[in-house]
Amino acid sequence: MSVRKGTHKRQLPSGLTAYCSDEGKVIFKEALEQGHMGVYFKMAENFQTQSELAYCGLSSLVMAYNTLKDPDIAAGWWDEDMLHCYINLDAVRGNGITFGQLLYLAERIGLSVEGYSTHKMSDDCFRSIIRSATSTDDKVVIVNYHRGCLGQSGGGHVVPLGGYSASRDMVLVMDVARFKYPPHWVPIPSMKKAIDTVDGSTNERRGFCVVSLAKDAKPHIFFTPNLLVNVSDVFVKQWVSWLSCEPSHEQSLLELLQEAVSMLGVCAKGLDRDSFVLTHEALHECSAEHLYSTRGLFDTIRVSDLHSMLLSMAVFSSAEWKHVYMGIRMWRGLERRHPMARDVTVPMVMAVMLYSWPYHVDADASTNAARLAMFIENSIAKQSTVLQREVAYLKQQWLFKASQDE
């Protein structure tokens, strides 16, 4: 990697404390005694410098995974270039990755992810999450923030945190751009403010996540929401608005589902031609195991009661729906298509969408969301683990997007 002139060894701004300074060492000792440097020593063994100027997200991600992986298992070591099967590295070299892409990639390499937006989050809530995560050695916090808010040069940046000092209320930034800034301590309020900024490439707020090794759950198999374009204004908000309404008259479950499907079509009509809601992963090669899992997922969707009810609806054979579906693309494949993408039908996409949406429902609510949620909860409980995992992944992604739009 060639480092641009002027980016090498910048001086830390006031308010930030260098890790290797006398004061930084005192803070480290205090944090260690307080029990909030849980993952530090494992992370220090795996500390790496980003190999490209825009690789901070990829470097932080593989650094987190290598920190958390079982040291007795040789397989599974990651470096940035090994992520080429999930993302276009040429595009990353030019523009980096968004926070949504970071969450997606973390799931793909076998990490369990809890994504957060700091928008409207209190300092105490942020602090509590950091304290909890840094008190153990099986979790890593990754933050996406704007350097300028800390007085540093540069824009958006991604780093893992090495620990937290309760007495000083500071977090240890393990900066993967070590050629530019050394590891340093940052006050919690300053870090939260730097995270609560808007990424100019997506017009969405940055965030942070807590990752751990996914011991039982595997990464999702096929479907993924589109987090690379902003669909919230024209799709999500209109869909949420309909969910919050009470039915205008007494409806059967089938009538409610028909109205929900029609509403999804109306919401999606507002998207431009290049926007879409759901897609699938891009694969260079598809192993026999992955094809087997994908077939199992599709078979489970097809035999579900939700899919059967959707198939019974006349709307899917109407010319109007075909126009909506083809024109606005609730579903869209990628250039490097999955070999089984052609087997996906419109009712399958609608079933996955309805299963995975996070319905926020009050106990005594009588809204569209409440009725749908009751049926969806009972239906998904009867499905196979493979579909339940797929739905859980999608739901987590929708929850993060919803937290950004509040």
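A search of the whole structure finds 12 aromatic pairs, where rings of Phe, Tyr and Trp (its six-membered ring) pair if their centres lie within 6.5 Å, and planes under 30 degrees apart count as stacked, over 60 as edge-to-face and the rest as tilted. The model is predicted, so local features need pLDDT of at least 70 and side-chain atom pairs count only at pLDDT 80 or more, while totals for chains, interfaces and linings use all residues. Residues are numbered from 1 along each chain as its sequence is written, and side-chain values use heavy atoms, with hydrogens and water left out.

One of the aromatic pairs joins Phe223 and Phe298: the ring centres are 6.4 Å apart and the planes stand at 45°, so this pair is tilted. Phe223 belongs to strand 10 (residues 223–225) and Phe298 to helix 10 (residues 288–303), so the contact ties together parts that are 75 residues apart in sequence. Helices (H or I, at least four residues) and strands (E, at least two) are DSSP runs, numbered from the N terminus. Both Phe223 and Phe298 are buried; buried means under 20% relative accessible area, exposed over 50%, and partly exposed in between (1.4 Å probe, protein chains only).

The rings of Trp239 and Trp242 have centres 5.4 Å apart and planes at 15°, so they are stacked. Both lie in helix 8 (residues 232–243), three residues apart, about one turn of the helix. An α-helix has 3.6 residues a turn, so residues three or four places apart point the same way. Trp239 counts as buried because its relative accessibility is 0%, and Trp242 is buried with a relative accessible area of 8%. Elsewhere, Tyr19, Phe28, Tyr40 and Phe41 form one aromatic cluster. Arg178 lies over the face of Phe47, at 4.2 Å from the ring centre; a charge sits over a ring if NZ of Lys or CZ of Arg is within 6 Å of the ring centre and within 35 degrees of the ring normal.

In soluble globular proteins, nonpolar side chains tend to be buried together.

Seven strands form an open sheet in the order 1-6-5-4-3-9-2, with antiparallel pairing; two strands pair if DSSP finds at least two bridges between them. Strand 1 (17–18) and strand 2 (111–116) stand at the edges with a single partner strand each, so one side of each has no neighbour in the sheet. Strand 2 pairs with strand 9 (residues 208–213) over six bridges in the antiparallel sense, and Leu111 stands opposite Leu213 in strand 9.

Within the sheet, four bridges join strand 4 (residues 156–165) to strand 5, and these two run antiparallel. Strand 5 also pairs with strand 6 (residues 184–187) over four bridges, again in the antiparallel sense. Leu172 in strand 5 stands opposite Gly163 and also opposite Trp185 in strand 6. Both faces of strand 5 (residues 170–173) are covered: Met170 and Leu172 on one side, and Val171 and Val173 on the other, are all buried.

Strand 4 and strand 5 form a hairpin with four residues between them, and Asp169 in the turn has a positive phi of about 55°. Most residues other than glycine have a negative phi, and most peptide bonds are trans. Asp169 is buried, with a relative accessible area of 18%. Lys120 is not a glycine either, and has a positive phi of about 70°. Lys120 is in the loop between strand 2 and helix 6 and is exposed, with a relative accessible area of 67%.

Asp138 counts as partly exposed at 34% relative accessibility. Asp138 and Lys69 are 69 residues apart in sequence and 9.1 Å apart in space, C-alpha to C-alpha.
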